[in-house]
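Please examine the sequence and the three-dimensional structure shown below, and keep both at hand while working through the exercises.

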Amino acid sequence: MNWRQLFDDRNKFFWVLQLTGWIGYGLIQYLGSFTQEMRDIYMVIVALGAYAGFLLTIPLRYLYRRIWNRRPAWLFLVVLVASFVTAALWAVIDNATNWEIYRFGYRPINPLFYFNYTIAKWYIILSWSGLYFVIKYYQMLQDEKQKALTAASMAHQSQLKMLRYQLNPHFLFNTLNAISTLILVEENKAANKMMSRLSDFLRFSLDNEPIKRITLAREVEVLMLYLDIEKVRFEERLQVFTAITEDAARALVPSMFLQPLIENSIKYAIARLEEQGTIEINARVEVETLVIQVKDNGPVAVHEIPKRSNKGGGVGLSNTAERLKALYGKQYSFNLFANDPTGCIVEIRIPWQVV
């Protein structure tokens, strides 16, 4: 059992501290005896005194548990009184043991002598009580911190799911609308192909959580299912090119984070072109950083790129940026550039991580 497990097991943690603490007390008392003339039997006196302190402080633990939620003033008063009573009992036991063993059955004339050193022992018991409360409060603080971290983690996961699933209804509506159109014009073969690709794409979407990561190679493979659906809509007007290095293909990336970028390119570039449209997906590794670029040749001039990113259809871009921020914090960049001569380039930089 490591330290973290021991700390989490409150009962074992108490007994370990209780035992080691009183052994340490006994050792200090014994070492202190070297400064004066003491017989060997004094070691027994020290051991019995530490053992008495060990036993007498155990009931305090259960008392403090019962009064834990009381008002601070009441709690403070109980601790003072309980510690004093415990110290008095300890002094009686310690003195009686000392006189019986070390002084050969000595009995004092005044019974009050049995309470000698009560104040000194009171300070020791108060120290024990203080340590008990400090450790107890620290454990409570750790519990609250763990609860806060768990809640933050759950909120983080919910945010990622919301950002991912917000995109799917829009894509699904467009695809079903396209299938409906194909059926109306009696393009049954194309409609069937599109439905098959949609089925495969949705199956992957359901089987993969947005908080999990997959390799870029797998991400592009699934992305091609989506692009196959769009190719049925646009036929020869849509061409897709990929240039992904071997190192980049092995990189871990968020599941389905490229799809909204491609959807954005199709909506604002390919759909507005009368001639052939192209989409390029490039990926490479630069100094432990994965660099991904999605390029299109849309009819948007260089000076109009900012307008394109601010339109309502930019939900895909903003959601992808939010997902990356939630996953990587400050260790990412998301930039929009103008392509030459027209079109747009989305560049993403995230840490290069592999399995």
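The structure is a predicted model, in which local features need pLDDT of at least 70, side-chain atom pairs count only at pLDDT 80 or more, and totals for chains, interfaces and linings use all residues. Residues are numbered from 1 along each chain as its sequence is written, and side-chain values use heavy atoms, with hydrogens and water left out.

**Exercise 1. Threonine 57**

Task: State in which helix threonine 57 lies, decide whether threonine 57 is buried or exposed, and find the polar contacts of its side chain.

Solution. 

Step 1. Threonine 57 belongs to helix α3; helices (H or I, at least four residues) and strands (E, at least two) are DSSP runs, numbered from the N terminus.

Step 2. A residue is called buried under 20% relative accessible area, exposed over 50%, and partly exposed in between (1.4 Å probe, protein chains only). Threonine 57 has a relative accessible area of 0%, and therefore it is buried.

Step 3. A polar contact is a pair of N or O atoms within 3.5 Å; within protein, one must be able to donate a hydrogen and the other to accept it, and residues adjacent in sequence count only if both atoms are side-chain atoms. The side chain of threonine 57 makes such a contact with the side chain of glutamine 18 at 2.8 Å. A further polar contact, of 3.4 Å, links the side chains of threonine 57 and tryptophan 22.

**Exercise 2. Asparagine 339**

Task: Locate asparagine 339, classify its accessibility, and name the backbone oxygen that its side chain reaches.

Solution. 

Step 1. Asparagine 339 is placed in the loop between β6 (333–338) and β7 (344–351).

Step 2. Asparagine 339 counts as buried because its relative accessibility is 16%.

Step 3. The backbone oxygen belongs to aspartate 296, and the side chain of asparagine 339 reaches it at 3.0 Å.

**Exercise 3. Salt bridges**

Task: Give the count of salt bridges, and describe the pair formed by aspartate 94 and lysine 121.

Solution. 

Step 1. Side chains of opposite charge can pair when their charged atoms come close. A salt bridge is a side-chain nitrogen of Lys or Arg within 4 Å of a carboxyl oxygen of Asp or Glu. By this rule there are six salt bridges.

Step 2. In the salt bridge between aspartate 94 and lysine 121, the closest N and O atoms are 2.6 Å apart. Aspartate 94 lies in helix α4 and lysine 121 in helix α5, so the pair ties together parts that are 27 residues apart in sequence.

Step 3. Aspartate 94 is buried because its relative accessible area is 17%. Lysine 121 has a value of 8%, and so it is buried.

**Exercise 4. A salt-bridge network**

Solution. 

Step 1. Glutamate 286 forms a salt bridge with arginine 284, with 2.6 Å between the closest N and O atoms.

Step 2. Glutamate 286 is partly exposed, with a relative accessible area of 28%, and arginine 284 is partly exposed, with 29%.

**Exercise 5. Surface patches**

Task: Identify the residues of the nonpolar surface patch and those of the negative surface patch.

Solution. 

Step 1. Patches are made of residues with over 30% relative accessible area and no salt bridge: like charges are joined within 9 Å, nonpolar side chains (Val, Leu, Ile, Met, Phe, Trp, Tyr) within 5 Å. Accessible areas come from the Shrake-Rupley method with a 1.4 Å probe; for residues, only the protein chains shown count as cover.

Step 2. Trp74, Leu77, Val81, Phe84, Val85, Leu89, Ile119 and Tyr123 make a nonpolar patch of about 770 Å². The elements giving two or more residues to this patch are α4 (72–102) and α5 (118–165). The largest share, six residues, comes from α4.

Step 3. One member of the patch, tryptophan 74, lies in helix α4 and is partly exposed, with a relative accessible area of 39%.

Step 4. The negative patch consists of Glu186, Glu187, Glu235 and Glu236. Lys and Arg count as positive and Asp and Glu as negative, while His and the chain ends are not counted; the place of a charge is taken as NZ of Lys, CZ of Arg, CG of Asp or CD of Glu.

Step 5. Glutamate 235 lies in the loop between α8 (216–234) and β2 (238–244), and it counts as exposed because its relative accessibility is 58%.
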